[in-house]
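Here is a short briefing for a first look at this structure.

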Amino acid sequence: MTTGDLLIRNVRPMNAAACDVLVRDGRIHATGPSLAAPADAVVEDGHGALLLPGFVEAHTHLDKTVWGMPWYRNDVGPTITERIENERRWRAATGHDAGAQSLALARSFLAHGTTRLRTHVDIDTDAGLKHLDGVLATRETLSNALEIQVVAFPQSGLLCRPGTGELLDQALREGADVLGGLDPQGIDGDAIASLDLLFALAARHAKPLDIHLHESGVPGANTLHLILDRVEALGMQGRVAISHCFCLGDVEAAERDRLLSRMARLRVAVITTGSASRPVPQLLACRAAGVLVAGGNDGIRDTWTPYGMPDMLERAMLIGLRNNLRRDDEIGSALSTVTADAASVCGFADYGLSPGCRADFVLVQAQNMAEAVVARPPRQCVVARGRVVARQGLLV
Ligand SMILES: [Zn+2]
């Protein structure tokens, strides 16, 4: 789809001097002071706003959410297994509509300035590909504005639920972009066999991997080494991300540094929520080691958690708080986890504010990027693929 020219006057890209931005055919065409308005261009006054690239949500679960539904009363036990079993029971009993729910939450992400998003979709032997079908429909519905990357995710385990591997295989054939994994030792009980199966599937479809690793301490580190061994042996450098990776937050410093240096060498990324409930990978230590870190909410308002907002400035703030980031440059690192670094980790192309990049951006009234993160001002305007799609937090 092509769109007409859009000229945005008087904005400050990433806090640079005020300028104008001309958008043509859905891409940034030029930036500079006092650009001439082409005939028939739509002209938008930015009122001196800070201009940020469209936000990237690197880890969420659109299919699980009860966003906009009546409050879900959470009486769930504290273990991952209890949460998994509870969710499967609840979905079977309620006939949860992953299509309608993912659309409602994805639209809210867009209204808050997110223009690219990676979502994990549950694939299991009870629901089959039902949730995938719903999320693929959402991806299609919003394709003119929001780029959605779908991870085929074995939430109930892979080895421990025979038949799941075949369903993942089918999901990758039917449009999933990434293969997901889950605690190869903690849930599947056999890290080597589980990872061998997972990596073989990824190789068969030539897809990247994004593995949920909740396993902590030395056992988690051992699993992480097994993952890194396979990245190296199979040439999957730059195509694997580890979500949560809690073990990096609670192993001894020497082992943590050994893992980080292996990850940097193999270009294996970390995706973090900045969880308050577990030790997390330290953002600055990862960055110092050369490991890319992306940010995500994980589930938002679902049977796992009552918390979360589809607002990536809020997520950047929470990651900043969790890492005790106070300096402006450090808060800028937190913002990177939901902008440029997240785009790199997920492989979203043509990202940024340079000419040629896709015209996805957000205008907010803030003095600078650090203030945008801590104050989370209303989104004055959101532009996606060259069109204004939202104002003041509401889709237009
Ligand atoms: Zn998750």
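Two strands pair if DSSP finds at least two bridges between them. Strands are DSSP runs (E, at least two residues), and helices are runs of H or I with at least four residues; both are numbered from the N terminus. This is a predicted model: local features need pLDDT of at least 70, side-chain atom pairs count only at pLDDT 80 or more, and totals for chains, interfaces and linings use all residues. Residues are numbered from 1 along each chain as its sequence is written, and side-chain values use heavy atoms, with hydrogens and water left out.

**Sheet**
- An open sheet of eight strands runs β3-β2-β1-β4-β13-β14-β15-β16, with mixed pairing.
- Its edge strands, β3 (27–32) and β16 (394–395), each pair on one side only.
- Strand β2 (residues 19–24) runs antiparallel to β3, joined by five bridges.
- R24 stands opposite R27 in β3.

**Zinc site**
- H59 (NE2), H61 (NE2), H212 (NE2) and D298 (OD) are the protein donors of the zinc ion, 2.1 to 2.2 Å from it.
- Donors are N, O and S atoms within 2.8 Å of the metal (3.2 Å for Na, K and Ca); water is not among the atoms, so sites may look incomplete.
- The donor spacing in sequence is H-x1-H-x150-H-x85-D.
- H212 sits in strand β9 (residues 209–213) and D298 in the loop between β12 (293–295) and α10 (312–322), 86 residues apart.
- Both H212 and D298 are buried (under 20% relative accessible area; exposed is over 50%, partly exposed in between, with a 1.4 Å probe and protein chains only).

**R118**
- R118 lies in strand β6 (residues 114–122).
- Its relative accessible area is 3%, so R118 is buried.
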